[in-house]
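User: I would like to learn how to read the main features of a protein model. Could you guide me through this one step by step?

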Amino acid sequence: MATDSTGEPSFHPYTHPAAGWGAAKSVTAFLAREGEGIAGPRAVMKMNHENTGFDCPGCAWPDDMKGLHLDICENGIKHVAWEMTHKRVGREFFAAHTVTELSNWSEFELENQGRLTEPMSYDPGTDRYLPISWADAFELAGRSLRELDDPNQAAFYTSGRLGNEATFLYQLLARELGTNNLPDCSNMCHEASGRALQAALGTGKGTVDLEDWEATDALFILGVNAASNAPRMLTSLVEAHKRGAQIVHINPLVEAAARKAIIPHDFLQMATFRATPTSTLNLQPRIGGDMALLRGIAKAVLEQSKSDPKAIDAEFIDRYTFGFDDYRAVCEATSWAEIESRSGVGAADIRKAADIYRVADRSIVSWCLGVTQHEHGVDTVREIVNLLLLRGNLGREGAGPSPVRGHSNVQGNRTCGIDHRPAAAFLDRLAEVCGIYPPREHGLDTVATIEAMAAGRVRVFVGMGGNFAIAAPDTAYTFEALRNCELTIQVSTKLNRSHLVHGRRALILPCLGRTEKDEQRSGVQSTSVEDSMSMVHLSVGMRRPASPHLLSEPAIIAGIAQAALPGSRTPWQDYVADYDRIRDTMAAVLDGFEDFNRRVRLPLGFRIRQPARELVFRTPSGRAEFSAAALPVADRGPGTLTLATMRSHDQWNTTIYSDNDRYRGIENLRTLVFMNAEDMADRRLREFDEVDITSIARDGSTRTLQRYKVIPYDIPRGCAAGYMPEMNVLCALGDFSTQSNQPIMKNLTVRIERSEP
């Protein structure tokens with residue numbers, strides 16, 4: 001795609017393969033821009049290696065089971081280079097800039113300043129961050145926690161970048177203090193998946209692994225922009241197509257990964273420019289229409305079973321499931337007219353997908369946030385399970401549910417104890433092994449934490465990684481809530497918005513990155529992560545730390561813990577000295593982590609046992625449970641559209657690398673909204689016209705973004721889309737799913753009107 005040399009916004013529909021030379025060119029330019037032309041490629045060659053390199057700090061897609069040494073992608077390389085930058089943010093930087101001044105900088109400008117180098121404390125008198133020693137920082141944090149009237153006046157947030165060992169120490173700190181206030185990024189992303197799978201199968205995770213992807217006959221991919229969010233999935237899609245597997249993409253936008261791809265480490269493809277298709281069928285439901293579409297596939301399969309008994313697996317259903325008769329009845333009672341209306345897809349196309357599913361011996365259904373960030377996210381994931389159960393696609397090779405997690409260790413965070421609703425059995429074991437008395441009442445999730453900060457019920461907020469201020473919904477409300485805290489603590493690698501939207505006191509505690517050597521008393525340490533398919537493996541940093549003043553995340557957690565819990569019998573410093581000691585304790589507490597230190601050092605690590613994969617269901621019935629939920633209502637009222645927020649391609653979560661979105665043909669623009677051309681015509685809008693976008697919350701309140709440029713795009717009528725985090729302001733805090741408490745960032749009711757001159 002040609003670059004607009006003027007720097008003006010441009011839009012040219014993207015028709016090239018995903019990855020391939022476009023990715024290679026983008027990576028080369030990015031490494032040159034960051035000054036990592038030599039160190040960057042060297043680091044890349046150590047990424048995702050078996051127990052000798054560092055785990056990619058990007059997505060949670062599993063490492064290649066064959067030990068492929070080029071198991072890398074464009075976004076992973078960018079993520080690593082962004083972390084390895086030579087730019088530094090030290091005391092001189094903060095002396096030159098007030099927080100008020102920095103608050104006017106963009107997200108890109110803030111992170112582009114480079115790596116944080118030493119702990120800093122906010123001084124309200126000068127409106128600047130000033131240097132503080134680690135000892136004094138820990139004492140300030142510890143004193144603030146000790147002096148709380150109630151431990152529940154503290155909240156401990158984490159993003160998905162935290163390794164398993166640090167995660168375990170973090171939750172131990174919170175629970176020894178006396179709170180289960182452990183909000184996390186899962187509360188905003190895959191909470192619906194966990195709750196749905198737990199209810200249906202007795203597990204909060206998917207049941208498949210990468211070998212299943214290599215053996216399946218049919219892949220159904222819902223609400224996933226794989227080329228940007230999990231680019232290494234492209235390899236699996238290409239290989240699946242080559243061996244004759246059917247691939248159905250279900251998404252309101254036909255993304256680049258749903259067309260064709262060239263895998264960069266396939267040198268023959270690169271040399272010949274020969275792309276491989278990555279889909280058999282593309283279906284475009286209206287935003288929020290996935291559940292109705294899935295119901296339609298199930299209805300078609302059940303109709304076929306009347307003449308072909310093999311269309312469903314009656315023996316599996318009878319032996320392993322509960323609630324089938326109710327589900328069959330609700331499918332029969334749902335008319336095709338209703339399914340078409342609520343999904344936005346015609347019956348003929350739904351039947352095509354149903355035929356693919358019915359003929360396939362083994363099928364996998366995979367999904368991401370396009371399914372979960374809705375009011376009915378839990379019901380939709382349960383509908384996915386319903387469909388799988390109809391044909392016995394569970395507990396056998398090449399079949400099952402496969403959620404696509406986002407950040408590299410977000411699933412490991414939940415496995416290792418970051419959960420505001422912990423199971424009693426986990427708390428019992430934690431108490432027995434660690435000698436503490438963990439609280440039993442549920443804590444606060446992300447939405448509830450923001451509400452509690454705003455009301456003054458949470459006085460200390462600790463953010464372990466991520467960029468909470470800008471990632472959360474209802475931006476203005478979240479900002480005010482954070483500013484209402486007595487102390488906010490952010491453990492980070494780079495400057496971001498959460499350092500500028502702070503409490504009356506604030507600490508920035510800089511930590512090591514995933515690429516850097518973690519030297520402790522016993523030598524260089526390794527940490528472990530869990531990918532989205534339950535494989536646990538080691539990560540070992542290779543680079544000299546960006547600053548001698550950086551501490552590891554376990555060391556920072558231990559420092560806060562010792563200051564906050566002066567009478568603690570937990571061996572915090574022994575844990576920091578040798579992470580094997582943390583893993584020994586984890587092995588005694590966590591199911592599936594037995595013999596942790598030995599197994600994690602095996603080639604490729606180990607896979608956590610999944611009872612549901614073995615057809616053992618920890619549900620009330622002891623079986624896999626069908627759900628017979630009603631379909632969600634699609635109509636939002638006259639003149640409104642349903643808007644979904646999403647990432648651009650040149651972005652990772654809230655980290656923005658540029659204002660470009662190559663796979664959607666956008667250059668030099670982020671303040672935009674994609675619309676159906678007919679919806680634009682109804683409003684007499686043309687490409688690049690400026691519009692105001694007003695969201696209408698459940699309580700009737702409104703929030704508006706002004707002067708966004710409108711782009712015509714292949715998206716169903718009645719739908720619109722734009723980028724997070726800019727559009728997070730449109731999601732009212734009260735607009736969360738009553739099923740999962742997730743903010744419904746992909747199901748907002750909006751009005752779009754031409755901006756006033």
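**Reading pockets, strands and buried residues**

Analyst: Let us begin with the lining of the largest pocket, which by class holds eleven nonpolar, twelve polar and 13 charged residues. Please keep in mind that this is a predicted model.

User: How much space lies in the largest pocket, and which residues are closest to its centre?

Analyst: The space in the largest pocket is about 1,300 Å³. Its lining consists of 36 residues, and those closest to the centre are Gln198, Gly204, Lys205, Arg414 and Ala423.

User: Let us turn to the strands. In what order do the strands of the open sheet lie?

Analyst: The strands of a sheet pair through backbone hydrogen bonds, and the sense may be parallel or antiparallel. In this model, three strands form an open sheet in the order S2-S10-S11, with mixed pairing. The edge strands, strand S2 (18-19) and strand S11 (276-277), each pair on one side only. Two bridges link S2 to strand S10 (residues 260-262) in the parallel sense. Within that pairing, Ala18 has Ala261 of S10 as its bridge partner.

User: Which strands close into a barrel?

Analyst: Six strands do so, in the order S25-S32-S29-S31-S30-S33, and the pairing is again mixed. From one strand to the next, the twist averages 45 degrees. One of the pairings joins strand S25 (residues 641-646) to strand S32 (residues 719-723), parallel and over five bridges. There, Ala644 stands opposite Ala721 in S32.

User: Why is S17 described as largely enclosed by the rest of the structure?

Analyst: A residue is called buried when its relative accessible area is under 20%. S17 is largely enclosed by the rest of the structure because six of its six residues are buried. Both faces of the strand are covered: Leu487, Ile489 and Val491 are buried on one side, and Thr488, Gln490 and Ser492 on the other.

User: Which strands pair with S17?

Analyst: Strand S16 (residues 460-464) runs parallel to S17 and is joined to it by five bridges. In this pairing, Val460 has Leu487 of S17 as its bridge partner. Strand S18 (residues 505-510) also pairs with S17 in the parallel sense, over six bridges. Here the bridge partner of Gln490 is Ile508 in S18.

User: Where does Thr207 lie, and is it buried or exposed?

Analyst: Thr207 lies in the loop between H9 and helix H10 (210-215). Its relative accessibility is 1%, so Thr207 counts as buried. Leaving out residues up to four places away in sequence, Thr207 touches Leu201, Asp212, Leu394, Ala399, Gly400, Pro401, Arg607, Ala612 and Arg613.

User: How many residues of helix H12 are buried, and what follows the helix?

Analyst: Helix H12 (residues 233-242) is mostly covered, with seven of its ten residues buried. These are Met233, Leu234, Thr235, Ser236, Leu237, Val238 and Ala240. After H12 comes Gly244, which has a positive phi near 95 degrees.

Key. Residues are numbered from 1 along each chain as its sequence is written. This is a predicted model: local features need pLDDT of at least 70, side-chain atom pairs count only at pLDDT 80 or more; totals for chains, interfaces and linings use all residues. Side-chain values use heavy atoms; hydrogens and water are left out. Two strands pair if DSSP finds at least two bridges between them. Helices (H or I, at least four residues) and strands (E, at least two) are DSSP runs, numbered from the N terminus. On a 1 Å grid over the protein atoms alone, a cavity is a set of points where a 1.4 Å probe fits but cannot get out, and a pocket is an open set with protein on both sides within 12 Å along at least five of seven lines; lining residues have an atom within 4 Å of a point. Grid points are joined across faces, edges and corners, and a volume is the space filled by probe spheres set on the points. Ala, Val, Leu, Ile, Met, Phe, Trp, Tyr, Cys and Pro count as nonpolar, Asp, Glu, Lys and Arg as charged, and the others, Gly among them, as polar. Axes are lines fitted to C-alpha atoms, for helices over the stretch in contact, and angles run from 0 to 180 degrees between N-to-C directions. Buried means under 20% relative accessible area, exposed over 50%, partly exposed in between (1.4 Å probe, protein chains only). Contact means heavy atoms within 4.5 Å.
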